[in-house]
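Please look over the sequence and the model before reading on. The paragraphs after it lead through a few of its features, one after another.

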Protein chains: 4
Amino acid sequence: MSFSYGKNIRLSIFGQSHSPAIGVTIYGPPAGFPIDFDALQAFMQRRMPGQGAHTTKRKEADIPEVLSGLVDGVTCGSPLTAVIRNTDVRSSDYQQLWDVPRPSHADYTSYIKYGAARDVRGGGSFSGRMTAALCVAGGICLQLLQREGIKITAGIVQIGGVTEEAPFPAYPSKKMLAAIEEARQDGDSLGGVIETTATGVPAGIGSPMFGGVENRLSTAIFGIPAVKGIEFGNGFAAADIRGSDNNDAFYVDGDAIKTKTNNHGGILGGITSGMPIVFRVAFKPTPSISKEQQSVSLLQQKDVPLVITGRHDPCIVPRAVPCVEAAAAVAIYDAVLEPKSQI
Amino acid sequence: MSFSYGKNIRLSIFGQSHSPAIGVTIYGPPAGFPIDFDALQAFMQRRMPGQGAHTTKRKEADIPEVLSGLVDGVTCGSPLTAVIRNTDVRSSDYQQLWDVPRPSHADYTSYIKYGAARDVRGGGSFSGRMTAALCVAGGICLQLLQREGIKITAGIVQIGGVTEEAPFPAYPSKKMLAAIEEARQDGDSLGGVIETTATGVPAGIGSPMFGGVENRLSTAIFGIPAVKGIEFGNGFAAADIRGSDNNDAFYVDGDAIKTKTNNHGGILGGITSGMPIVFRVAFKPTPSISKEQQSVSLLQQKDVPLVITGRHDPCIVPRAVPCVEAAAAVAIYDAVLEPKSQI
Amino acid sequence: MSFSYGKNIRLSIFGQSHSPAIGVTIYGPPAGFPIDFDALQAFMQRRMPGQGAHTTKRKEADIPEVLSGLVDGVTCGSPLTAVIRNTDVRSSDYQQLWDVPRPSHADYTSYIKYGAARDVRGGGSFSGRMTAALCVAGGICLQLLQREGIKITAGIVQIGGVTEEAPFPAYPSKKMLAAIEEARQDGDSLGGVIETTATGVPAGIGSPMFGGVENRLSTAIFGIPAVKGIEFGNGFAAADIRGSDNNDAFYVDGDAIKTKTNNHGGILGGITSGMPIVFRVAFKPTPSISKEQQSVSLLQQKDVPLVITGRHDPCIVPRAVPCVEAAAAVAIYDAVLEPKSQI
Amino acid sequence: MSFSYGKNIRLSIFGQSHSPAIGVTIYGPPAGFPIDFDALQAFMQRRMPGQGAHTTKRKEADIPEVLSGLVDGVTCGSPLTAVIRNTDVRSSDYQQLWDVPRPSHADYTSYIKYGAARDVRGGGSFSGRMTAALCVAGGICLQLLQREGIKITAGIVQIGGVTEEAPFPAYPSKKMLAAIEEARQDGDSLGGVIETTATGVPAGIGSPMFGGVENRLSTAIFGIPAVKGIEFGNGFAAADIRGSDNNDAFYVDGDAIKTKTNNHGGILGGITSGMPIVFRVAFKPTPSISKEQQSVSLLQQKDVPLVITGRHDPCIVPRAVPCVEAAAAVAIYDAVLEPKSQI
């Protein structure tokens, strides 16, 4: 587990922020599928900073190099490995990071788990950089799902105190951008909420108990750094209302059976109902802020103040939108591939 | 997956609501542990209806029969299987259930997945009855965790519109009971929110990305019927505030490193920080209500009204408290057993 | 792992020789399959002593009780659990067994692994008794395979120094029985070799490298106590001959592609070729013999002589024939269920 | 599964013979271990052709590039990925290979499994080339095992009709080389047998039934192309003798308990006894031979003769010696890392 996800299709991620490369191997892509690399590149681009904003400061997306799994751009059934080179691998001074853990980062917990040998440079394997590898795998799964008529789209519900109405925008609205800019100027940061919808998923996908679609999506989604909550359909709001308001009435619509409302978020008993899968994900504010914070020296075992230098993204929510789509795509495609009898 | 959970200790659940028995096999309990069956029975009792209320109508808990894994009440290293006989296995008339799916139950989705052969009696394997098997495994894990100095307790934050203040009660308060009673009289039902705290978990447990403690707890918790959301620490509320408010400052406390606040809920980068693990779980209102509802006939493929007869629990949240503790105990013990190097 | 096998269908075994019961849960049987319990019982009967011999001393097979997974004898998609009660669970004197490990049994190694708490009674979970649970699962998989046109049969190639010619008999020949009887009278025991053939397996089943049919069959077969070797097709004999003699020429036979010889045993690159799967399994002689042997006292850490009392099967090979078929059935059915794309 | 192996340490292999690169990711290497790259390179060198022979025609081993998992040559706890570039990736004419499967190769079975999109160039993922990736992972595990005092060495027992006496040579003897040379001149090939011994493995490693060390080693070893059999300790020879000859008497040797003979090959009930683990592996003759063979045209569905051109290794057994050590190292290290209680 840990860096791997899935049973019927399986992605295995590797790399650190400052290792020579990060990458992913996808085990189980069906043979004979022509990958659309332009579409993949466009999807990767959405993860880069400065997208959707009226700005000239855009950064081109990482270009993955495929090492295996293809013959002339078509999957051949072998594991597909793609790597992305890390450009910033200077052996600069990481002494402070090594000694003084940043609050609400994994610096301290990784130290306890792996000891002094852990890679602290840029957060090591805990870096948001790892989601680039997730997006390669997810971007390919999105194409595979598209062939099955399944579409996954995410939008931003909330950033800090600013909320939007449905349909939620894929890029932050002006109000949201303003809030982010304000936080940046204060040396501070913001979190937010992303809602994801998957349409076209046939009924009958998923399994009872621990193999439910909710369980699988959660496992995938909590693999994205900074995620602190997930809810399906009505989610926490269902706790506020009565069964008669929360239950979704069935009705016949032509050949299909549908529900009049979708408070269940497309999943009942862990199994898809054929209605859209809908879930929301909460992101905490970026823990890297410019303001002075209180921390400790691990070497001297004493309290010390910490000022994090360098540029930091004051809100990762906009860039997390494709990451959530990617994680959802992997989880849903894995469930779709599962033999019906499997429990 | 599906009916199984865990890697270092593994529980495998089986049974249906009306099969001869339900049960669980626990793979990997350490040898030489004397199980306290009185404590286990008391724990199982908390799952029964009517607990904590001023009522004479109490039902004794199911008593599990251990088929294997013990010698004179002490674990021997072999898989431990416990079964609970189902007393209500009459072949009564389930024709309606078979044909007309109850809204927001798994009747329809299980039909699509397993076809006409599925067991509809009492919900089959989707019944809340299955949590009795989970509680056997969880109750034993709670005892194993206790030996490691780890304690898990859950309390009720909210039932319907009624909320309580921390420390959250293990049994519903009078206000909560009144709300449940009111819903019952209306032929309706309520959901709620449960908060769980695990103390004594050492720092350094869990793994990055998909192997994080959040991922593992989610997978276990969504195995409980009616769960629709989970959040850790500040959870969704973290989306509302700034990083400077959400970050948890480190400080030295004697030999230990702690955080002044616990907005991270004891988990950073998927790995425990040594602070209490805190998470909240949202339960939807019981989908079985007495009010007439809209559904469909699967055989005739047409809309039909549905009235669910029989007695139903208008709020399963009180009985879910030990179930959440059980699922958390299995997930946390599984993580605790994991070798440090494992990723 | 350990007591569990399989990915697409999964059996999980539990129990000890002298625990209240042994049993098995099968996860993933397709819904809607009517199990033929008479056929299952007849299959179980083949595992009992005294079969096929001209003897009046027959013992009726254990009758499994199905606790879950069925509705009116038909699989419903839920996990199928079957238990067999152990009749001999007296708390007799096992002090000697506890202290003095029997040579070539698991008494010593289980002591090192599980410590003093291990169950030594009758060999605990290392007992040949556990294969009864394997045969329940395997017997059901044989029926499921039969529906797919796949048949698995095993025969005895060799017992001690006595070999037979193909087609190998399912029950020991007179010569073999005589050799067994001779060993019994000498207070000694014999091993042997079993050959298994699976016909009707379509080409294209299995996966490369560690997911090959040879890997999977080995994992399942070494789960049977006393197995010490396995070979596919020509096996070890292939080491003696040249490629031109060992290679299997392809030819067209109507719509099918076949090979003129089957030295590859139906598996190339881990994937089935459509030719019969053929493999041989070596069993060591039963380690329980009446002759005095040299062992040690674990408590006193000194050499002591050991005389094993009671009746023992001087050759388990005849009873192992259905066990090998059962293990093969589970492994092959698991591979058959695997989605094609899966690697 | 398939391209992945292990539970406590896990290797995931990728690549094809003619893809840009092959490689392996090792999940779970303990942090803080300095890899000896000179030793790794020397180990890799043993897999190259022409080793140990009195020849000037040596080829330098592939040099793996480590993409992740290290900081200054020391493991940091993150997954370790190493890739080896393929130099021969010309898009030469593979039309014949694509249409006419080579006897006893995976050309035909991979076609049935993956269809026309499969990679036939050089055997794709079924190529012996993939064992270079296995050797990277195994070479690192050998170093990790060495730290635990565990040593694994393999030797050649037999090549074609030529056998050697123990201690078996790591490189083919003159007699063996002569037999190989004779087969080469005849346009033919030879197989053989390799024996492996692991010393220093503590007692108590491994698990019952399907989790035994024999099961795990088999799964790993059958991942090497051309393996058709495996036996532990006395193996198939145990079928010939009586229990009194095959049983291994225990005795006390200082603080240790040992057995006077080692017919059990260091494993009893799936668990190590502390005696050396000993097993033998049978390799079939290289299926690529120069002699004309009978095959079929998949496109025209008719019999056609086949002449395989190019240079082929007439016996891969010498080069397989480090591969067997590598597979054994991964399997044994995975078992060593397993928590004691785990079953």
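What follows treats the relation between the chains and then the aromatic rings.

This is a predicted model, in which local features need pLDDT of at least 70 and side-chain atom pairs count only at pLDDT 80 or more, while totals for chains, interfaces and linings use all residues. Residues are numbered from 1 along each chain as its sequence is written, chains are lettered from A and ligands numbered from 1 in the order in which they are written, and side-chain values use heavy atoms, with hydrogens and water left out.

When copies are superposed by least squares on the C-alpha atoms of residues with pLDDT of at least 70 in both, chain D can be laid on chain A with an RMSD of 0.0 Å, by a turn of 180 degrees and a shift of 0.0 Å along the axis. The two copies are therefore related as by a two-fold rotation axis, and in chain D the C-alpha nearest that axis belongs to D:Ser12, at 4.0 Å from it. Of the contact residues of chain D (contact meaning heavy atoms within 4.5 Å), 100% recur in chain A, so that the same surface serves both copies.

Over all chains, the structure holds 22 aromatic pairs, that is, rings of Phe, Tyr and Trp (its six-membered ring) with centres within 6.5 Å, counted as stacked when the planes are under 30 degrees apart, edge-to-face when over 60 and tilted for the rest. The rings of C:Phe210 and D:Tyr5 have centres 5.6 Å apart and planes at 55 degrees, so this pair is tilted. Both C:Phe210 and D:Tyr5 are buried, meaning under 20% relative accessible area with a 1.4 Å probe and protein chains only.

Technical notes:
Buried < 20%, exposed > 50% of the residue type's maximum accessible area, 1.4 Å probe, protein only.
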